[in-house]
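Visitor: I am new to this structure and would like to learn how to read it. Could you show it to me and take me through it step by step?

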Amino acid sequence: AAVAAAVPRQRGLLCSQNYPLYIRSVPTENELKFHYTVHTSLDVVDEKISAMGKALVDQRELYLGLLYPTEDYKVYGYVTNSKVKFVMVVDSSNTALRDNEIRSMFRKLHNSYTDIMCNPFYNPGDRIHSRAFDTMVNSMMMQVC
Amino acid sequence: MSRSPGRKQENHKISRELFVLTYGALVAQLCKEYEKDEDVNACLDRMGYSIGIRLIDDFLARSAVKKCRSYSETADMIAQVAFKMYLGVTPSVSCNSVTGNEFSLILDKNPLVDFVEELPAERASLCYCNLLCGVIRGALEMVHLAAEVSFLQDRLKGDAVTEIGITFLRKPEDRKHRRN
């Protein structure tokens, strides 16, 4: 099973909007459970970013690596410089997936997300409804599962 | 070519993304300001016209082309020289009528819609690239060719191809002129 989610930046200090712009899981059952997993992993993402300290923030790599392993899943994170977070949840049983494959998947997600942002009719913060994005995510997830 | 003297040859290219995003922002803003698609289309056409009447001189100066002798030559010139020069694409030209004054430019690739997948549901009859129609119409008018230019098909609306139709309007005075 694999899940990908894109989460927007936190807006302002008082209201933190961390809702997924896009969430897709294969197979599609248990989607609610993935919502929960993704949501909790956001805290880990925030922790990782803040733990780096000011000096390192500039050199911070976008790919955050394995966020935390649970007994069933491994969760990977990626944050853009505009604070958009991508989270990927993969079955623990999937040991064949290597680090650089995950990195390239995140890069593809990032590139597709950038294309969506360039659509003049897309308002930042809207849920993502894009055939091109769906196709890309589907093909990526098919490769993994 | 009369563009260089007295002016430093500045070949600074501006990024394609910036241009496409600017055009997109323009259309999106018009959509916010006008409720009806027809109004947005008309506005884009007017803007394009305003660009076309100015762009034609730049085109003629840069391309140093000879005067076109027929409508068919004109259509070819628009597709093969002008589109190539300004948008980097070359639409294919086909003649639609026996009378020889209706042509179609079929655009395989359209850089203006790079990031637009499809029109939003509430904007189904928006002609996203209507600016181009205005540009062609304005440019032709400045070389004394009246034409009607519009989108016949649009990939963004679900059609198979994007097709711009140019209909040259014959004026009775033209005939007399050519005989002289």
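This is a predicted model: local features need pLDDT of at least 70, side-chain atom pairs count only at pLDDT 80 or more; totals for chains, interfaces and linings use all residues.

Visitor: How much area is buried between chain A and chain B?

Guide: The size of an interface is often given as the accessible area lost when the parts come together. Here the area buried between chain A and chain B is about 900 Å², and carbon and sulfur atoms give 64% of it. On the side of chain A, Cys118(A), Pro120(A) and Phe121(A) together supply 62% of the area that this chain buries against chain B, which is more than any other three residues.

Visitor: How many residues does each chain bring to the contact?

Guide: Chain A gives 9 residues and chain B gives 14 residues.

Visitor: Which charged or polar links cross between chain A and chain B?

Guide: The count between these two chains is 1 salt bridge, and 4 residue pairs are found in polar contact across the interface, both residues of each being at pLDDT 80 or more. The salt bridge is formed by Arg131(A) with Glu118(B), whose closest N and O atoms are 2.4 Å apart. Over all chains, the count comes to 9 salt bridges. Arg131(A) lies in helix 4 of chain A, while Glu118(B) lies in the loop between strand 2 (102-107) and helix 4 (130-142) of chain B, so the pair joins two chains.

Visitor: Which elements give two or more residues to the side of chain A that touches chain B?

Guide: They are helix 3 (99-118) and helix 4 (131-144) of chain A, and the largest share, 3 residues, comes from helix 4 of chain A. By class, that side of chain A has 5 nonpolar, 2 polar and 2 charged residues.

Visitor: How do helix 3 and helix 4 of chain A lie, parallel or antiparallel?

Guide: To read such a pair, look at the angle between the axes. The axes of helix 3 and helix 4 of chain A come within 10 Å and cross at roughly 170 degrees; the two helices are therefore roughly antiparallel to each other. Among the residues that make the contact are Met105(A) and Leu109(A) of helix 3 and Phe133(A) and Met136(A) of helix 4. By class, this contact has 9 nonpolar, 2 polar and 1 charged residues.

Visitor: At what angle do helix 2 and helix 3 of chain B cross?

Guide: The axes of helix 2 (residues 37-63) and helix 3 (residues 71-87) of chain B cross at roughly 95 degrees and come within 11 Å, and these helices are therefore roughly perpendicular to each other. In their contact, residues of helix 2 including Leu55(B) and Phe59(B) meet residues of helix 3 including Met77(B) and Val81(B). The residues of this contact divide into 7 nonpolar, 1 polar and 2 charged.

Technical notes:
Residues are numbered from 1 along each chain as its sequence is written. Chains are lettered from A and ligands numbered from 1 in the order in which they are written. Side-chain values use heavy atoms; hydrogens and water are left out. Contact means heavy atoms within 4.5 Å. Buried area is the accessible area (1.4 Å probe) that two parts lose on being put together, summed over both. A salt bridge is a side-chain nitrogen of Lys or Arg within 4 Å of a carboxyl oxygen of Asp or Glu. A polar contact is a pair of N or O atoms within 3.5 Å; within protein, one must be able to donate a hydrogen and the other to accept it, and residues adjacent in sequence count only if both atoms are side-chain atoms. Helices (H or I, at least four residues) and strands (E, at least two) are DSSP runs, numbered from the N terminus. Ala, Val, Leu, Ile, Met, Phe, Trp, Tyr, Cys and Pro count as nonpolar, Asp, Glu, Lys and Arg as charged, and the others, Gly among them, as polar. Axes are lines fitted to C-alpha atoms, for helices over the stretch in contact, and angles run from 0 to 180 degrees between N-to-C directions. Angles under 35 degrees count as roughly parallel, over 145 as roughly antiparallel, 65 to 115 as roughly perpendicular and the rest as oblique.
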